[in-house]
Amino acid sequence: MERWRTIIEPFRIHSVEPIRLTTVEERQAALEAAGWNLFNLHADDVMVDLLTDSGTGAMSRDQWAGVQHGDESYAGSPSWYAFLESVQALFPFKHVIPTHQGRAAEKILFSVVAGPGKTIPNNTHFDTTRANVEFTGADAVDLVIPEGQVPSAIHPFKGNMDVDALEALIAERGAENVPVVFVTITNNSGGGQPVSLRNLRAVRAVCDRHGIPLFLDACRFAENAWFIHEREEGQAERLIPDIVRDIASLADGMTMSAKKDGLANIGGWLALNDDAVAEKCRNLLILTEGFVTYGGLAGRDLEAIAQGLREVVEEDYLRYRIRSTAYLGEALDAAGVPVVKPFGGHAVYVDARALLPQIPALEYPGQALACALYREGGIRACEIGTVMFGLHPDGREEPAAMDLVRLAIPRRTYTQSHIDYVIEVVCWVADHAADMRGFRIVEQPAALRHFTARFEPLP
Ligand SMILES: Cc1ncc(COP(=O)(O)O)c(C=O)c1O
């Protein structure tokens, strides 16, 4: 039991960025100019930016010091070796291939192992992961446990994969057509929910029975390890780096966006044990990202990640991180706002479908809620629902499994008073939910439409 209820930020502020305070009228004009797509806003017009926790965190003094150590040699830079050592200290895979961010690692891996006729199972594919799988002609199948699809269902490891469904899928498609099984930790698109060690072991056993490699989409591995530490039997006394190494030992490889639990503003990697696949991946890396010892990264970025990986597994940091996310979730829940529970590690997800029952899924309740939060309070959130997942490669549109709005918390960036302000705005918008209307899309690309589509409010 902690003596004090308040868990303080385990850092002091060292350098500040001003926030421009705006009015409702200014924000209404900005929304109209942006085609009601929050990705089209000028970030200066946003007061509290909860669009993503990706690359938006504050770096530490020691990371900035690492930046000064950056060595920009084309090949064999000391910064590469610092990066490699830090990555392998947690994920001792044989081959580590640096990339400019997570999706580049996905693009390279799926170009090598996926393709028409192949199926990639995942607990839940993140949007770029799904798009990269489908771009090769393969089928991306989500197999999260049933509780993971019900926003109000309570389960300590709601990101777990449904192991029976995985068995059934492999039986249906044939093991030879499943080149890899993926598990995303934590499960971002399913609410930032963790996966247990026990579930990973069970998935590993299925993979072993069929000779299929298991890969992690490990963007938020440290947050996932903290949940294991807090919630899984027998894990409370263990060190976080040891839990991370346990997770890694169950997999054959990983893709990683260092913009999350790398505590860096850019970067990523692909790591794996298979020599032949690694060689093919490196060849593609050189074509698209850069030489094998820097990928798409500057030496200074490699240094920032190397230090970030040491900081992200510190218990004081993780305790504060997970507690501050839960602080937001608990306040919204107490005010009667429907939120995904238990709270995820990096974000709180509001159930827009439940909050706005008058807006059908194909009129995008999540988009309506996200736009209202911006208009009323200058808060930028992200729709994770039918806009993001509703359009299929064959042009069909159907409701996504859930219509959520994600309030993602950048790491070490906002203070408790920013979050108190967010709570106030969300509660005001929720109180006025009955007045809200949906949207229609007036312009959209064939894939990843949420980034660039333009909308129009329905009358
Ligand atoms: C689970 C997951 N996988 C992959 C990615 C892609 O990483 P990046 O944005 O670095 O390309 C993200 C980014 O948000 C993610 O959350």
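Predicted model: local features only at pLDDT ≥ 70, side-chain atom pairs only at ≥ 80, totals over all residues.
Student: How many residues surround the ligand, and how do they divide into nonpolar, polar and charged?
Tutor: The closest residues include R103, D217 and K260. The shell holds 16 residues. They divide into 2 nonpolar, 8 polar and 6 charged.

Student: Which helix supplies the largest share of the shell around the ligand?
Tutor: Both α4 (102–113) and α5 (127–135) supply at least two shell residues each. The largest share is 3 residues, and its source is α4.

Student: What percentage of the ligand's accessible area does the protein cover?
Tutor: On its own, the ligand has 380 Å² of accessible area. The protein covers 97%.

Student: In what order do the 3 strands of the open sheet run?
Tutor: The pairing is antiparallel. The edge strands, β9 (347–351) and β11 (382–384), each pair on one side only. Strand β12 (404–408) pairs with β9 over 5 bridges. The order is β9-β12-β11.

Student: Which helix packs on the sheet by touching β9 and β12, at about 25° to β9?
Tutor: Helix α14 (365–377) lies across β9, β11 and β12, at about 40° to β12. The helix at about 25° to β9 spans residues 315–334. That helix is α12.

How values were computed. Residues numbered from 1 in each chain as written. Heavy atoms only, no water. Near = heavy atom within 4 Å. Areas by Shrake-Rupley, 256 points an atom, 1.4 Å probe, with all protein chains shown as cover. Helix = DSSP H or I, 4+ residues; strand = E, 2+ residues; numbered from the N terminus. Nonpolar A, V, L, I, M, F, W, Y, C, P; charged D, E, K, R; others polar. Pairing = 2+ DSSP bridges. Contact = heavy atoms within 4.5 Å. Axes fitted to C-alpha atoms, helices over the stretch in contact; angles between N-to-C directions.
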